[in-house]
Amino acid sequence: MSLFLLLLLVALVLGVIGVAAEGLFYLFVVGAVLLVLDLVLVGVLIGRRRGRPAR
């Protein structure tokens, strides 16, 4: 869970810097891609937990 929060924070910071600084649109793109990858990672982890049989 801490990895998710760290990646989320990095994605948000890169996105804000990319939008605020002129000519650094690529940082916004990197932040957006990182956010999508982070959401996929969380989806995989939640899906893996759901697949286990209950004890």
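In which helix is the place of V29? The residue V29 lies in helix α2, where helices are DSSP runs of H or I of at least four residues, strands are runs of E of at least two, and both are numbered from the N terminus. The structure is a predicted model, in which local features need pLDDT of at least 70 and side-chain atom pairs count only at pLDDT 80 or more, while totals for chains, interfaces and linings use all residues. Residues are numbered from 1 along each chain as its sequence is written, and side-chain values use heavy atoms, with hydrogens and water left out.

The secondary structure of the chain consists of two helices and zero strands. Two packed helices are described by the angle between their axes and the distance between the axes. Here the axes of helix α1 (residues 2–20) and helix α2 come within 7 Å and cross at roughly 160°, the axes being lines fitted to C-alpha atoms over the stretch in contact, with angles from 0 to 180 degrees between N-to-C directions. Helix α1 is therefore roughly antiparallel to α2, a label given to angles over 145 degrees, whereas those under 35 count as roughly parallel, 65 to 115 as roughly perpendicular and the rest as oblique.

Across the sequence, L12 and A32 are 20 residues apart, yet their C-alpha atoms are 8.2 Å apart in space. For L7 and L37, a separation of 30 residues in sequence corresponds to a C-alpha to C-alpha distance of 9.0 Å.

Of the 55 residues in the chain, 15% are buried, where buried means under 20% relative accessible area, exposed over 50%, and partly exposed in between. Both A32 and L37 are found in helix α2, but A32 counts as partly exposed because its relative accessibility is 33%, whereas L37, at 53%, counts as exposed. V29 is partly exposed, because its relative accessible area is 37%.

Helix α2 (residues 25–50) supplies the largest share of the nonpolar patch, namely five residues.

Technical notes. Buried < 20%, exposed > 50% of the residue type's maximum accessible area, 1.4 Å probe, protein only.
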